[in-house]
Amino acid sequence: MKPFHLPAALALAAALATPAAVAQDVIRIGAPLPITGPLSPEAQKQQRGYDLWAETANKAGGIKVGNKRMKVEIVYVDYQSNTPRAVQAAEKLITQDKVDFLFSPFGSGAAKAASSVSEKYQVPTIAATASSAQVYDQGYKFLFGTFTPNDTLTEPLSDIVRKQAAGVQRVAILARNDLFPLAIAQEMEKSAKKRGMNVVYFEKYAIGTLDHASALAQIKSQAPHWIFATGYTNDLILMRKQMADLKIEAPVVTMIAAPAYQEWIDGTGKLSENVTSAAWWHPAVRYNGKDIFGTTENYVKAFRARYKADPDYAEASASAAGAIFQLAIEKAGTTDRIKVRDALASMKEMTFWGPVQFGPTGQINSLEPPVFQIQKGKPTVVHPPAIRQGELKLGVQ
Amino acid sequence: MLSLQILANGLVLGGLYACIAAGFSLVWGVLNVINILHGSFIVLGGYLAFFAYVKLGIHPFVSILIAAPLFFALGYVLQRSVINRMIAAPVLLSLTLTFGLDLMLSNAMLAAFTADFKKLTLDPPLGVVSLGPVVLPVDRLAAMLLALLLTALLYLVLSRSRIGRAIVAVRMDREAAALMGVKVKEVYAITFGLGALMAGVSGPLIAMIFPISPLSGPVYLGKAFVICVLGGLGSVPGAMIGGLALGIVESFGALWFGPEHAVTLSFTLLIVILLVRPEGLLGRKGYA
């Protein structure tokens, strides 16, 4: 290096060494995400949601903290779809990057694993994609989640099917052997049995399974009325295709969580017709929020303007997690972690995401998740009645 | 009845597996290079077919004909310009090299195609054929037949043509082949080109059947590993037998032990084969 570059290099090194010193008027939130590896499409959704919130908040001048305004910065770390690394990433964000708050890594499994780190350092953490009750029942005080427990998805779904298709008796369940997909399948089993339905098949498939033909052939031999399959986008595109390959038809086919995503509808084409699903949020819901986005319509509009696509529940949940942090910080009037944590615990606010109130474990308990069905290539809300766009249709072939 | 359907499922899945593994096995057997790029080549071939169909309406079966020369050229140039420098080094170095190249390729695809899963959905779909109680999807059936055809072609090339004999000679004894006047570098480049070609033409078949994303390469690579060990390295019929065996084992494994154990079963089989018949079902000792 030439000598006259030295002072600049030293200044740069100094700036890099003390991020806290240059970032005084910035609130930093850490986001460990699976940016590479099999979960990378999910990470991208989270990132879109967080970024939209941060940009919107910064455009409005930042977050109001007492009588000054502070900008937001989201610090991303890639944990390569590897849960142990998600825990390391969370710890690195807290101890080295000195973030003020944290978003959980993706999904129930990784969120649970990383929650012990945020608890240890007393960093308020919002999980935007963790629904399983097991994530929240550890007695932790600093973890909050924007998804209601899994049975809030399977219960209304089973109610509608019971009401509109009395003949549905035999239920087959095929679940990805992964924390959330398996947990929701087990809830489905309970919901079905509670209503006197007969669960004729219940199997798990391994993560990374490339072929479902054997399991589906067995399901076919059981002639079920309701096929309930869980997994992520790629699993369920493949599974829907293989159902058609084996000429499997049923009055009701439910898949969670993929049909809420446009990629799933694109990937399955006409085979998506009449497949039902449930999710925690849908662009068709209508709430009048007090958060930075205001109404649900406003949020959808802002998202479309930024990304030229409709938001799905995972993207909206990420934005909601940010908006909720903002509400809590503004209410606390400080970035003090304990005070913000208390503001989150006592929160009772309406947002574009829906009413936000956290139960004693930190998991939200105020949402009513919509049930929807793909009709003519579009997700159509069939429940709850207040936002219904169409009736449940029977028959998937 | 169920067993017949499962057997049929296993056979068509196995055909697809054979297609995935043939090129990988060839390169490993002849060059002693574990080509980590193989999985990403398959995915790249899949994207080629996807965009050719969506943007230009070119049927994936036609894309195969386009992919073949393109991927051969890609493999040939890559071997000549990069991998050849590592060819005499221990196998771990060339593995590291192709691993690095794979990182570059998969990230380039990530940047170009986004991480979203894409699925080539034919309109109208190819549908299914029913043989009595057994239902078979036409796309998988076609993939299996094509895999058989390609494998047979590759076998013919290796056993009948001059260049094929040269490839086999280099595989058996590099020094002796060189002394006999075989241009080893050229043979290596052609072999690597053939390996890439086999990966590239599996891509359109894969894209019709599986959703693809830039990072799904390692899944196919993992299958290729198991198949090579099962069937024997560098042997084209071995890849065919290994692929079919894996397809059938996974299908019946899922039936008997539940779908969650199908993958475990195939890797257990891998360990058993390594213990009792390390040269593979059709491999010959000492040639790998």
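Helices (H or I, at least four residues) and strands (E, at least two) are DSSP runs, numbered from the N terminus. This is a predicted model, in which local features need pLDDT of at least 70 and side-chain atom pairs count only at pLDDT 80 or more, while totals for chains, interfaces and linings use all residues. Residues are numbered from 1 along each chain as its sequence is written, and chains are lettered from A and ligands numbered from 1 in the order in which they are written.

The C-alpha atoms of chain B occupy a box of roughly 60 × 45 × 35 Å along the principal axes. Its radius of gyration is 19 Å, which agrees with the value near 19 Å for a compact globule of 288 residues; the radius is taken over C-alpha atoms, and the globule rule is 2.2 Å times the number of residues to the power 0.38.

In chain A, six strands form an open sheet of mixed pairing, in the order β2-β3-β1-β4-β5-β6; two strands pair if DSSP finds at least two bridges between them. Because β2 (63–65) and β6 (143–145) of chain A stand at the edges with a single partner strand each, one side of each has no neighbour in the sheet. For β2(A), that partner is β3 (residues 68–78) of chain A, joined to it antiparallel by three bridges. One bridge pairs A:I63 with A:M70 in β3(A).
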